[in-house]
Amino acid sequence: MVDQSVDAEPAGQNIAGEAPVEEPEVVTDDTTVHDDVELERTIGLVGGLAIGIGTMIGAGIFVFPGLAADNAGLAATLSFAIGGLIALLVALPTSELATAMPRSGGGYYFISRGMGTAYGAIVGLGLWLGLMFAAAFYLVGLGHYASAVFTELGVALPFSPVIGIGLLFGAALTALSIGGTENTAKIQNAVVGVLLVVLTGFLSYGVLDAVGVFGGGTVPEQFFSRGYFPVLTTAALVFTSYLGFAQVATVAGEIKQPGRNLPLAMVGSVLIVTVFYVVTIFVATSAFGADRLGQFGETAMVEVARDFLGLPGAVAILGAGLLATFSSANASILSASRAVYALSRDALLPRKASEVNLRYGTPHVALLAAGGPILVLVATGQVELLAEVASFLHLIMYGLMCVALIVLRRRDPEWYTPSYRVPGYPVVPAVGALASFGLIAFMQFASIGIGVVVMLVSYLWYRYYAGDVTLKGDI
Amino acid sequence: MTDRPSILVPVRVLEGESVPEGVPELLANAHVVLLGYHVIPEQTAPGQAQMQFEERATERLEEYETIFEDAGATVERRLVFTHDGQKTIDRTTTEHDCLAVVVPNATGPVEDVLVAVRGAVGIDRLARVVAGLFGEMGVSVTLYHVAHADETDEDAETLLAGLEDRLGDLGLDTSTIETRVDRDRDPLDAIVEAADAFDTVVMGESDPSLSTFVFGMPGDQVADRFLGPVLVVQRGPASTDVATDGEE
């Protein structure tokens, strides 16, 4: 058992007179210890991987292939690979930070302790809002899949049910998280397992078909059919598919043997989904060619499955798509509520925000604070905009995490003793930071604008509400 | 009083579970590891529950601590917020090297104790619990063994006689010890039936198997049906490691 002491002493008060909660004395493999109170760690490696993969796989496979192919042609494969590479460059430094500070709140925690309260507030509030944008994006995707089910059943609706269904599920998920005390983690693990099995079967068939084993053969096409630049803009768009690994860090306080399981879960989930994404795009574009794939939009994968395996294939992918987008939305809402808790623990949001409901034992204020705004965002129905704003806010956090790592390594405070150290320091975190900030440049102006406004509002909130709070560790 | 056996007393502290009547007297000679725990749903971070409930939980635990101390025990107190109560109980048992975990049910004054003996494995820990707790209480102790088909009566008697000697060595008055052997029965049913005439049961923990996975640990099953306090003697640290490793 590796005992670590955490010496970062938070101080100051917010406008309501609340001070940050004291830091724990010791972090062990099984618990976080405050005086004679222990917080049990209960999530194992499988649980951690399921959180990462479950959050990510919904978007990359079931929503983006059509959109990405439309933007970048066959080279969308490369866009996904670039996204995966950047995610990996960030996941490695994040792993080091997480093993040094295995506490709830993930990126927010690392940055507020490494770089100070102002950066922390921008990232923390940005993370909370970013997760809402991400959840809204998954819910709109879910709406597309649910409407495809209606189409499949031959039910003609006089209006598009996409947004209505998204809203319905958003409200249902929030209510379930507040009132449900079922064993959601076990369900999440099972869902991820089923998804991986279905996808592996489907993709294996697709790859064999694409190389001509079943006589189908590939639709010959130029790789960079839309030119080189769209490869990067598409990478920026689809980066939303790689947001999940940092969600593992938001529950870092509950992971068993954090020194071992956190790096494995984060890096492992990024590697696994990257492989799945790249193969998926390859198979999808091989089946139809980028132009036709683009016309199918959000549910393009259903058509690909129909092309390979007929109606049963389409039904299987429809089902998988519903499950995947649902689990991604669920994971994001839960992470958003953890982010609210981390902020309120540090007095950057009112303590009331992380209050626990006496009847169900769930944080109803935090969950409502996540679920409510999500509905507003879903109502816009803007898939690409939601995805990009979510990516923007996360990329800011990713870039700053890499910077925080470099800052901490250079100052080398006594309490900073990660059990996992990033390979290739300082190149990996430096490149990770540059790549994260660089990718933002390829986004639409509207997304960048909304993202900047969110950051600005976050900063002003910090100045107004908690200007006196200091969270930085002794350096 | 030389060697107080460490006994874990798990209490779901915020769900109105308290220390049942008779249990503090039962553990008067023990070193009580009082584990107050609160199980929270996965949507909630343990720290979140701590922020809100720590004060109230600590208050209650302090009350319970006093009750045990007044009865004569030495007490160590832990408060844990967890998603998984069983994991917390198992971990605390190992960390504090507890010989037994008590399933707290109410009882009157303890006058007679049933000790269910499964086999020679772990018999030393069983003896330390029985002798440590009841050595100076003047209760009557019945050693009980359900023999299986390929076990002779002599084998069973040797087993119980060995335990009796060991208890004598540890300071228990052997004149208060009786032995009893049954055979060709389901051990669990037999123990529950025999337990009816006793105030409390001491028994060993089984190895995890398919049936314990489906029906729960025998200790808990006996406690459910017996309705009095059951002391479940834990396997030694070496074998506990094997049991917890299988998880990943």
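Q: How many residues of chain B are in contact with chain A?
A: In this predicted model, 27 residues of chain B are in contact with 31 residues of chain A.

Q: And which parts of chain B supply the side that touches chain A?
A: Helix 2 (46–71), strand 3 (74–82) and helix 3 (85–95) of chain B each give at least two residues to that side. The largest share is from helix 2 of chain B, with 8 residues.

Q: How do the residues on that side of chain B divide into nonpolar, polar and charged?
A: There are 9 nonpolar, 9 polar and 9 charged residues on the side of chain B that touches chain A.

Q: What joins strand 4 of chain A to strand 3 of chain B?
A: Those two strands run parallel, and 3 bridges join them; strand 4 of chain A covers residues 37–40. In strand 3 of chain B, B:Phe81 stands opposite A:Leu39.

Q: Switching topic: what does the secondary structure of chain B come to?
A: Chain B has 9 helices and 9 strands. Of its 248 residues, 43% are buried. Taking contacts in chain B between residues at least 6 apart in sequence, 82% join residues at least 24 apart.

Q: Over to chain A, then. At what angle do helix 3 and helix 10 of chain A pack?
A: Helix 3 (residues 76–100) and helix 10 (residues 258–288) of chain A pack at about 175°, and their axes are 9 Å apart. Angles over 145 degrees count as roughly antiparallel, so that is how helix 3 and helix 10 of chain A lie to each other.

Q: Which classes of residue are in that contact?
A: The contact of helix 3 with helix 10 of chain A has 18 nonpolar and 8 polar residues, and no charged ones.

Methods. Residues are numbered from 1 along each chain as its sequence is written. Chains are lettered from A and ligands numbered from 1 in the order in which they are written. This is a predicted model: local features need pLDDT of at least 70, side-chain atom pairs count only at pLDDT 80 or more; totals for chains, interfaces and linings use all residues. Two residues are in contact if their C-beta atoms, placed from the backbone, lie within 7 Å. Helices (H or I, at least four residues) and strands (E, at least two) are DSSP runs, numbered from the N terminus. Ala, Val, Leu, Ile, Met, Phe, Trp, Tyr, Cys and Pro count as nonpolar, Asp, Glu, Lys and Arg as charged, and the others, Gly among them, as polar. Two strands pair if DSSP finds at least two bridges between them. A residue is buried if 20 or more other C-beta atoms lie within 10 Å of its own, exposed if 12 or fewer, and partly exposed in between; C-beta atoms are placed from the backbone. Axes are lines fitted to C-alpha atoms, for helices over the stretch in contact, and angles run from 0 to 180 degrees between N-to-C directions. Angles under 35 degrees count as roughly parallel, over 145 as roughly antiparallel, 65 to 115 as roughly perpendicular and the rest as oblique.
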